[in-house]
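Dear colleague,

Please find below the structure that I am handing over to you.

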Amino acid sequence: MAKIHPKKTSANLNKKQIQTLALCIRKILSRSIKAGGTTLRDYCVPDGSFGSFQKNHLVYRRQGLLCTLCQSVILGDVIAGRTTAFCPSCQIL
Ligand SMILES: [Zn+2]
């Protein structure tokens, strides 16, 4: 959502990118909470229902699928020991 490439280090973000990232983090968390969270395996809320935010993931676990914004193929890489998915066209900052 912030259009930042996942290999960009936090030390190399400019003030505008930091502000955009902070805003996007708040938006995503708010939307996720409203959707009951993300259920990938067995997470559920106290009433036993499952979260549905996984339907809104833009890149997470979508390697090989098309980006919903630009139709580019979502790529995957291991960054800092974590499997990471990203859109090579949208995440160029
Ligand atoms: Zn894209």
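**Findings**

In the protein chain, residues 24 or more positions apart account for 28% of the contacts with a separation of 6 or more. Please note that the model is a predicted one.

**Overall architecture**

The protein chain contains 1 helix and 2 strands, and these elements follow the order α-β-β from the N terminus on. The C-alpha trace spans about 45 × 30 × 25 Å along its principal axes. Of the 93 residues in the chain, 27% count as buried.

**The zinc site**

The zinc ion has four protein donors, namely the SG atoms of Cys 67, Cys 70, Cys 87 and Cys 90, which lie 2.2 to 2.4 Å from the ion. The arrangement is tetrahedral because the 4 donor atoms subtend angles of 99 to 114° around the zinc ion; the criterion for four donors is that all angles lie between 85 and 135 degrees. In sequence, the donor residues follow the spacing C-x2-C-x16-C-x2-C. Cys 70 belongs to the loop between helix 1 (15–34) and strand 1 (75–79), while Cys 87 sits in the segment after strand 2 (82–86), so this pair ties together parts that are 17 residues apart in sequence.

**The salt bridge**

A search of the whole structure returns 1 salt bridge. The side chains of Asp 77 and Lys 7 form a salt bridge, with an N to O distance of 3.0 Å. Asp 77 is located in strand 1 and Lys 7 in the segment before helix 1, so the pair ties together parts that are 70 residues apart in sequence. Asp 77 itself is partly exposed, at a relative accessible area of 29%.

**The loop between helix 1 and strand 1**

Besides the cysteine described above, several other residues of this loop may be of interest to you. His 57 is found in the loop between helix 1 and strand 1. With a relative accessible area of 16%, His 57 is buried. Leaving aside residues up to four places away in sequence, His 57 touches Thr 38, Leu 40 and Arg 62.

Arg 61, which lies in the loop between helix 1 and strand 1, has a positive phi of about 60° although it is not a glycine. Gln 71 also lies in the loop between helix 1 and strand 1, and has a positive phi of about 70°, again without being a glycine. Gln 71 counts as partly exposed, at 49% relative accessibility.

**The largest pocket**

The largest pocket holds about 1100 Å³ of space. It is lined by 30 residues, and the closest to its centre are Met 1, Val 59, Tyr 60, Ala 85 and Gln 91. Which element supplies the largest share of the lining of this pocket? That share comes from helix 1, with 5 residues. Helix 1 and strand 2 each contribute at least two residues to the lining.

With kind regards

Terms used. Residues are numbered from 1 along each chain as its sequence is written. This is a predicted model: local features need pLDDT of at least 70, side-chain atom pairs count only at pLDDT 80 or more; totals for chains, interfaces and linings use all residues. Side-chain values use heavy atoms; hydrogens and water are left out. Donors are N, O and S atoms within 2.8 Å of the metal (3.2 Å for Na, K and Ca); water is not among the atoms, so sites may look incomplete. Four donors count as tetrahedral if all angles lie between 85 and 135 degrees; four count as square planar and six as octahedral if opposite donors are over 155 degrees apart and all others between 65 and 115; anything else is irregular. Helices (H or I, at least four residues) and strands (E, at least two) are DSSP runs, numbered from the N terminus. Buried means under 20% relative accessible area, exposed over 50%, partly exposed in between (1.4 Å probe, protein chains only). Contact means heavy atoms within 4.5 Å. A salt bridge is a side-chain nitrogen of Lys or Arg within 4 Å of a carboxyl oxygen of Asp or Glu. On a 1 Å grid over the protein atoms alone, a cavity is a set of points where a 1.4 Å probe fits but cannot get out, and a pocket is an open set with protein on both sides within 12 Å along at least five of seven lines; lining residues have an atom within 4 Å of a point. Grid points are joined across faces, edges and corners, and a volume is the space filled by probe spheres set on the points.
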